[in-house]
Amino acid sequence: MISAPDILGASILIVDDQAPNVSLLEQLLGEAGYTRVTSTMKPQEVCALHRKNRYDLILLDLQMPGMDGFQVMEGLKTNEADSYLPVIVLTAQPGHKLRALQAGAKDFISKPFDLVEVKTRIHNMLEVRLLHRKLEEYSRVLEQKVQERTAELRESEARFRSLTELASDWYWEQDEAGNFTKVSGPVLEMLGVRVDALVGEAGDSRVTGWNEDERKVLQAKIADREPFLDFVFSRVNGDGSRQEFLVSGEPMFNQACRFIGYRGIGVELAVRK
């Protein structure tokens, strides 16, 4: 929530070419407790002043010589540092109110001034403006934390891959369709088969010697998206020797909890005659 001191400490710029109007608003705001009120009678200065000071509220007269309030608002829209146009227009023309709101003004105050209306509209506008500022700041902090966390996760992932590659004979990743997207280590040399054969894809009919019961169990775990730890499967080579492999894997999910594939490691245990 926005506190009363926050609102009274907000920065306000009065823009009007009539000195009596400026004096009246300055006196009204001062008596209400506002402490950061400035003014200008030169509409050409408003955009530069706002870029420098980023006012919380601009009280803007619409009818001014040389540059009217509508032109000032168009200039303020070019300020890339502030996507929110903190303007209340001051007008004696009822027909200008709708046009001003369509031009980006957030509210209007009618001339001649009703002092209660002026104070109420300014207070309400500042409360919304400061809430908008807080939301912007929260969004920036959140975005920074997300970026930092993403960087940490990428670093952690890199360390994980590095460690698993050191601690295992091979490392693999699959996408949600079961296609291998990353394989590291001497898989072909170690297994003597295409990597596809691990999940029973087309082409593994050329592979012989695998323990089909073990492979079916492994395939079922992957199909059910279950993690598995130190799963042993084996094959018998043509020379009668037996190879055993220890495999661990886990399903991967994105931030929306959608399954995106598997990753895991494997080691060859022993070769026995």
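A salt bridge is taken here as a side-chain nitrogen of Lys or Arg within 4 Å of a carboxyl oxygen of Asp or Glu. The structure is a predicted model, in which local features need pLDDT of at least 70 and side-chain atom pairs count only at pLDDT 80 or more, while totals for chains, interfaces and linings use all residues. Residues are numbered from 1 along each chain as its sequence is written, and side-chain values use heavy atoms, with hydrogens and water left out.

**First stop: Arg133 and Asp56.** Select this pair, whose closest N and O atoms lie 2.6 Å apart in a salt bridge. Arg133 belongs to helix H6 and Asp56 to the loop between helix H3 (46-53) and strand E3 (57-61), so the bridge ties together parts that are 77 residues apart in sequence. Helices (H or I, at least four residues) and strands (E, at least two) are DSSP runs, numbered from the N terminus. Asp56 is buried at 5% relative accessibility; buried means under 20% relative accessible area, exposed over 50%, and partly exposed in between (1.4 Å probe, protein chains only).

**Second stop: Asp16 and Lys111.** Next, select Asp16, which forms a salt bridge with Lys111 at 3.2 Å between the closest N and O atoms. Asp16 sits in the loop between strand E1 (11-15) and helix H2 (19-32), and Lys111 in the loop between strand E5 (107-110) and H6, so the pair links parts 95 residues apart in sequence. Asp16 is buried, at 0% relative accessibility.

Move to strand E4 (residues 87-91), which contains Thr91. This residue is buried, with a relative accessible area of 2%. Beyond its neighbours within four places in sequence, Thr91 is in contact (heavy atoms within 4.5 Å) with residues including Leu62, His96 and Lys111.

Select Tyr84 in the loop between helix H4 (69-76) and E4. Tyr84 is buried, at 12% relative accessible area. Leaving aside neighbours within four places in sequence, its contacts are Lys106, Met125, Val128, Arg129 and His132.

**Last stop: helix H6.** Arg149 and Glu152 meet in a salt bridge (3.3 Å, N to O). The two are three residues apart in helix H6 and thus separated by about one helical turn. Arg149 is partly exposed at 47% relative accessibility, and Glu152 is partly exposed at 42%. Salt bridges that share partners also join Asp16, Asp61 and Lys111 into one network.
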